[in-house]
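Subject: Structure handover

Hello,

I am passing this structure on to you. Please look through it first; my notes on what was found follow below.

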Amino acid sequence: MQTIQKITSDVYYIGACDMRHRLFENIYPVPEGMTYNAYLIADDKTVLTDTCDVSVRDRFLENLKAALNGRPLDYVFVHHMEPDHCAVLDDVLTLFPAARIVCNAKTQILIGQFFNRDVSDRVLIVKEGDTLATGRHAFTFYMAPMVHWPEVMVSYDAADKILFSADAFGSFGTMNECLFADGRDIDRDWLPEARRYYTNIVGKYGPSVQALLKKAAGLDIQMICPLHGPIWRRDLARLLDKYQKWSTYTPEEKGVVIVYGSIYGHTENAACALAQKLSDRGVYPVHLYDASLTHPSYIVAEAFCYSHLVFASVTYNNGIFPPVETVLLDLKAHNFQNRSVALIQNGSWAPASGKLMAALLSDMKGITLRNTVITIASALKPEQESDLNALADELAADWVS
Ligand code: FEO
């Protein structure tokens, strides 16, 4: 059965949720599913923006036909040519042979790469600031390169003051319970998975997101329709504040994330003891993650959220314990910046993980390594409590205003 929803007088949500696949991009766990949003504007001319992932192809096509209600499709906007939004483009072009693709020149190249179809006679190429009127609506196109691919663009509808924002302002998770962000508890039901989506998918491209935010600041936006996650029509300032912080690598709040890699529990013991000592000194919140057990995407999101990090790793094959190294490499890949970081290393005969972690962190901008580095030889000894106290004191000093 079709699942379309009207979001303004003639704009329909026609996307669909995928609850079956456990991984997005075949790497990120999506235990709460994933939405692939698409919209149909039933104006004098009909406009589809965008298509969807192959996983929800059947539901999307049923929705598209229902929203068109027998009318032909005149335009399909391709804001982003990644297959989670364009896998069904080929089907749409076959079903609606008169439909024209509205995209930029880079997108046209990608269409040719993904599909065995010459679309040159069906493409309407748009550039920055171009406008397309379809009746009541008039869409202006803005390029948003690297949010999240180089060809990404967004469009602004002057009639309903909607920003069709592509990947920007998206989220992991489904929204069967409510299409709109204002229909849910934002902190509980949106923020964690939106942060994890942003930091892992778009986090690397902060300057590009900043460029888009500057363009958006010049528009009278009443509604944001992303390609994933809920639609925003209230509290836009709250959403924009999060994007401002995330895209400038600014912590959302003070807090300590302790990431540890432990083989037999001794490094874990040190991490837990430090957490307890921080708590004793009034440092809050402190979040502990065993890198062997938590998918790195969750730790990357937590790292973007908080001001302080502690990495504790055993020395393994004369290197960093691989699960901790994966987190560090992931942070580096996502252009992670501007944090205070402390290190704990363990090594039974040749501790090296501290030096190696410091080397990885030194490649990241604005990372301040704390003076105190704790070295454990196999297991934390009672006489090393003073070392832990010194590190806890050093970190807690940042909580004294
Ligand atoms: Fe949701 Fe970059 O695709």
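The largest pocket in this predicted model has a volume of about 330 Å³. Its lining is made up of 15 residues, and the closest to the centre are Ile263, Thr315, Gly347, Ser348 and Trp349. Two elements give two or more residues to this lining: helix H8 (266-280) and strand S19 (306-316). Strand S19 gives the most, with 3 residues. Sorted by class, the pocket lining has 6 nonpolar residues, 9 polar ones and no charged ones.

Strand S14 (residues 153-157) pairs with strand S15 (residues 162-164) in the antiparallel sense, over 3 bridges. Within that pair, Tyr156 has Leu163 of S15 as its bridge partner. Both strands belong to an open sheet of 5 strands with mixed pairing, in the order S12-S13-S14-S15-S16. At its edges stand strand S12 (131-133) and strand S16 (223-225); each has a single partner strand, so one side of each is left without a neighbour in the sheet. From one strand to the next, the twist in this sheet averages 20 degrees. In the loop between S15 and helix H5 sits Ala166. The phi angle of Ala166 is near 55 degrees, a positive value in a residue other than glycine.

Another open sheet has 7 strands, again with mixed pairing, and its order is S1-S2-S7-S8-S9-S10-S11. Here the edge positions belong to strand S1 (5-6) and strand S11 (123-125), each with a single partner strand, so one side of each has no neighbour in the sheet. Going along the sheet, these pairings can be picked out:

- Strand S2 (residues 11-13) and strand S7 (residues 39-42) run antiparallel and are joined by 3 bridges. Tyr12 has Leu40 of S7 as its bridge partner.
- S7 and strand S8 (residues 46-49) also run antiparallel, joined by 4 bridges. They form a hairpin with 3 residues between the two strands. Tyr39 has Thr49 of S8 as its bridge partner.
- Strand S9 (residues 75-77) and strand S10 (residues 100-103) run parallel, joined by 3 bridges. Phe77 has Val102 of S10 as its bridge partner. Helix H4 (residues 105-114) packs on the sheet, where it touches S10 and S11, and its direction makes about 125 degrees with that of S10.

Which form does the bond from Thr49 to Asp50 take, and what is its omega? That bond is cis, with omega near -10 degrees. Asp50 lies in the loop between S8 and helix H1 (57-68). The bond from Tyr284 to Pro285 is cis as well, with omega near -5 degrees. Pro285 is located in the loop between H8 and strand S18 (286-290).

The last item is a pair of helices. Two packed helices are described by the angle between their axes and the distance between the axes. For helix H5 (residues 186-202) and helix H9 (residues 296-305), the angle is about 95 degrees and the axes are 8 Å apart. Angles of 65 to 115 degrees count as roughly perpendicular, and H5 and H9 are therefore roughly perpendicular to each other. On the H5 side, the contact is made by Glu193, Arg195, Arg196, Thr199 and Asn200. On the H9 side, Ser297, Tyr298, Val300, Ala301, Phe304 and Cys305 take part. By class, this contact has 5 nonpolar, 3 polar and 3 charged residues.

Regards

Key:
Residues numbered from 1 in each chain as written. Predicted model: local features only at pLDDT ≥ 70, side-chain atom pairs only at ≥ 80, totals over all residues. Heavy atoms only, no water. Axes fitted to C-alpha atoms, helices over the stretch in contact; angles between N-to-C directions. Parallel < 35°, antiparallel > 145°, perpendicular 65-115°, else oblique. Contact = heavy atoms within 4.5 Å. Nonpolar A, V, L, I, M, F, W, Y, C, P; charged D, E, K, R; others polar. Pairing = 2+ DSSP bridges. 1 Å grid on protein atoms, 1.4 Å probe; cavity = no way out; pocket = protein on both sides within 12 Å on 5 of 7 lines; lining within 4 Å. Points joined across faces, edges and corners; volume = space filled by probe spheres on them.
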